[in-house]
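Thanks for coming. I have one model to go through this morning, and I will keep to geometry and contacts.

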Amino acid sequence: MRDEQPTPVDPSAPSRAPEAARAAPAPGEAQGTSLADRIGMVVGGQFVNTLIILVQGIVVVRLLGKSEYGVLAFVTMLFMTGRDLAQLYLPESFLYFAPKVTRPELKGLVRQSMLLLLGLGALSALAFSIFALVPGLFLADRADVTRLLLLTGLMSVIAYPASVFGPLFIATNNHRKSAGVALLVTISSAAGAIVPAALGCSIAWIVAAQCAAQALRLWLSYRLYARLFQDVAVAPFPGGVRAQLAYALPLSVTRFAGIFNQKLDKFVIGLFFSAGLYAEFAVGSQELPLVGVLAYSVASTMLPDLVARVENGRTPAEGARAALELWHSGIRKTTLMMLPIAVFLLLFAEPLMRTVYGDAYAGAAVPFRIYSALLPLRVTAYAIPLMAFGKTSMILRIQVLGMVFNTAANLILLPTLGMIGAPLSAVLTQVIGIVLTVAFIARFSGVGLRGVFPWGHYGRVAATALVAAAPLTAFLATGAVDRRPALCLTVVAPLYVGLYLVAAWVTGVLAAEDRAFVARWLRLEPLRGRRGGHPRSHRTSTDARGSRPPRP
């Protein structure tokens with residue numbers, strides 16, 4: 001990645017619209033809602049959805065045989081990989097373009113994106129159909145996945161256009177409506193997985209039910225979109241497809257490199273090991289839900305505000321520093337939860353796997369612990385500041401370096417260490433990518449390594465989490481966890497939460513504003529009131545001179 005001079009906007013972006021004409025929240029939505037409450041709505045909604053998905057996964061694992069679940073998990077991974085690659089970052093581009101265009105132009109962008117994604121979904125369906133002709137290519141026991149791959153192709157055609165609306169609703173401050181649609185779809189998807197598994201149906205019925213859930217998502221989202229934009233005329237998006245792709249394609253190439261680094265281990269296991277072993281690996285390598293719910297949701301929800309801060313700075317350097325200040329506020333919040341969770345999971349990985357998935361999945365603790373070792377760094381989406389700066393090509397260079405390292409690491413570690421070589425390679429690759437990203441953000445913003453990350457707060461929270469965990473290590477030494485894992489987790493989990501909260505209060509890392517924010521959400525104030533319940537929350541989050549907004 002090169003050291004580039006900062007510029008306030010991406011040259012491929014459409015020209016700025018007059019301030020009064022820019023895309024604004026739809027009527028009826030809380031235009032004065034603070035960034036804190038907007039993030040809370042997204043995080044709260046995704047937390048509920050993720051909890052449902054987590055429970056669904058646990059139930060399905062226990063209802064299906066190990067080989068059946070391995071096949072289902074592998075096909076699901078193929079769909080998610082194809083979806084993330086084929087969408088070309090078009091849905092996420094709304095978070096960048098929405099603050100720059102008028103509402104009619106935004107409506108034109110929606111139509112343009114849906115047509116593009118429909119075509120990309122058809123291409124993905126064709127690719128899955130080709131794979132269905134050679135089902136023996138996957139999984140060492142040559143499990144038959146022909147019907148599953150054909151259904152996955154159908155699901156792609158439905159799911160890709162529907163993916164436009166989530167970022168659109170976030171960008172137009174319709175977070176509550178977006179969360180409601182997502183919750184309904186998540187519930188229907190969970191029922192579509194659990195009911196066929198409980199009735200002893202084949203896993204093809206589960207995949208078919210997921211197709212139906214995606215169709216429901218598309219129908220509900222489009223109805224909501226049509227209602228929000230019913231009085232808005234359609235205007236061509238400035239620059240058309242070319243302008244959108246100019247922003248999205250570099251990120252798409254970057255995403256390809258990122259997905260390669262994230263999924264290579266799963267492809268390797270799926271190609272060379274049995275469905276049963278893949279099931280064990282899939283359980284142990286699951287992304288901790290809180291990473292997506294907390295770290296990534298907080299950072300991605302901030303992106304429009306970060307872009308606005310970059311553009312409103314009197315100089316590019318001032319805008320970059322103002323954006324980093326807001327980015328730090330999100331990191332401080334997620335760190336409070338991610339670090340203690342990481343410490344607990346590293347200590348109790350095996351009893352957790354045995355309790356949740358059964359003794360048959362005790363071996364999943366090994367990959368689970370390896371991936372959990374990365375959690376202390378997963379407190380944010382590190383590429384978000386570079387995306388706000390419009391420097392997406394910088395992210396690409398890091399990911400390409402990661403691809404080279406990941407491939408070399410797998411070639412070395414797999415023959416040496418066996419199956420665990422794949423997750424070790426993946427974790428080492430992500431560590432290197434995070435370090436390089438932080439270094440380039442520091443150089444681009446001009447704040448240096450000391451200013452690019454809230455190091456002091458991070459260190460205090462880490463020390464607090466370790467101090468709270470110290471008494472639990474003695475408990476592990478007794479061996480009681482091995483004999484009664486479920487009972488021991490029931491005891492030590494709340495004990496650790498209590499110790500951590502006491503230590504956080506003593507050390508001062510849990511500030512008064514954090515306690516007040518949590519209390520407001522426990523009382524559901526942001527959901528019951530249109531304005532978030534706090535007079536200061538009505539201030540704009542992107543003051544033209546970088547004044548500090550309410551922290552999320």
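First, the ground rules. This is a predicted model, in which local features need pLDDT of at least 70 and side-chain atom pairs count only at pLDDT 80 or more, while totals for chains, interfaces and linings use all residues. Residues are numbered from 1 along each chain as its sequence is written, and side-chain values use heavy atoms, with hydrogens and water left out.

The protein has 23 helices and zero strands. Both are DSSP runs numbered from the N terminus, helices being H or I of at least four residues and strands being E of at least two. Of its 552 residues, 53% count as buried. Buried here is under 20% relative accessible area, exposed is over 50%, and partly exposed is in between, with a 1.4 Å probe and protein chains only. As for contacts, meaning heavy atoms within 4.5 Å, take those between residues at least 6 apart in sequence: 83% of them join residues at least 24 apart.

Now two helix pairs. Axes are lines fitted to C-alpha atoms, for helices over the stretch in contact, and the angles run from 0 to 180 degrees between N-to-C directions.

How do α16 and α17 pack? Helix α16, residues 392–417, and helix α17, residues 421–445, have axes 8 Å apart at an angle of about 155°. α16 is therefore roughly antiparallel to α17. The classes are: under 35 degrees roughly parallel, over 145 roughly antiparallel, 65 to 115 roughly perpendicular, and the rest oblique. The crossing of α16 and α17 is right-handed. On the α16 side the contact residues include M394, L401, F405 and L413, and on the α17 side they include L424, L428, I432 and F440. By class, this contact has 15 nonpolar, eight polar and no charged residues. For those classes, Ala, Val, Leu, Ile, Met, Phe, Trp, Tyr, Cys and Pro count as nonpolar, Asp, Glu, Lys and Arg as charged, and the others, Gly among them, as polar.

The second pair is α13, residues 349–357, and α21, residues 485–507, whose axes come within 9 Å and cross at roughly 115°. The two are therefore roughly perpendicular to each other, and their crossing is left-handed. P351, L352, R354 and T355 of α13 meet P485, A486 and L489 of α21. That contact has five nonpolar, one polar and one charged residues.

Next, salt bridges, defined as a side-chain nitrogen of Lys or Arg within 4 Å of a carboxyl oxygen of Asp or Glu. The whole structure has seven. One of them joins E280 and K66, at 2.9 Å from N to O. This pair links distant parts of the chain, with E280 in helix α10 (residues 275–284) and K66 in helix α2, 214 residues apart. E280 is buried, at 14% relative accessible area, whereas K66 is partly exposed at 29%.

A further bridge is formed by D84 and R83, with the closest N and O atoms 3.2 Å apart. R83 is partly exposed, at 25% relative accessibility. K266 and D265 also meet in a salt bridge, at 3.9 Å from N to O, and both of these residues are buried.

On to single residues. T81 lies in helix α2, residues 66–86, and counts as buried at 5% relative accessibility. Which residues does T81 contact, leaving aside neighbours within four places in sequence? They are I259, K263 and F267.

G258 sits in helix α9, residues 240–272, and is buried at 8% relative accessibility.

Last, some backbone. Most residues other than glycine have a negative phi. L88 has a positive value, near 55°, and Y89 has a positive phi of about 65°. L88 is in the loop between α2 and α3 (93–97), and Y89 is found in that loop too. L88 counts as partly exposed at 23% relative accessibility, while Y89 counts as buried at 12%.

That is the end of my list.

Note on methods
Left-handed = near helix turned anticlockwise from the far one by under 90°.
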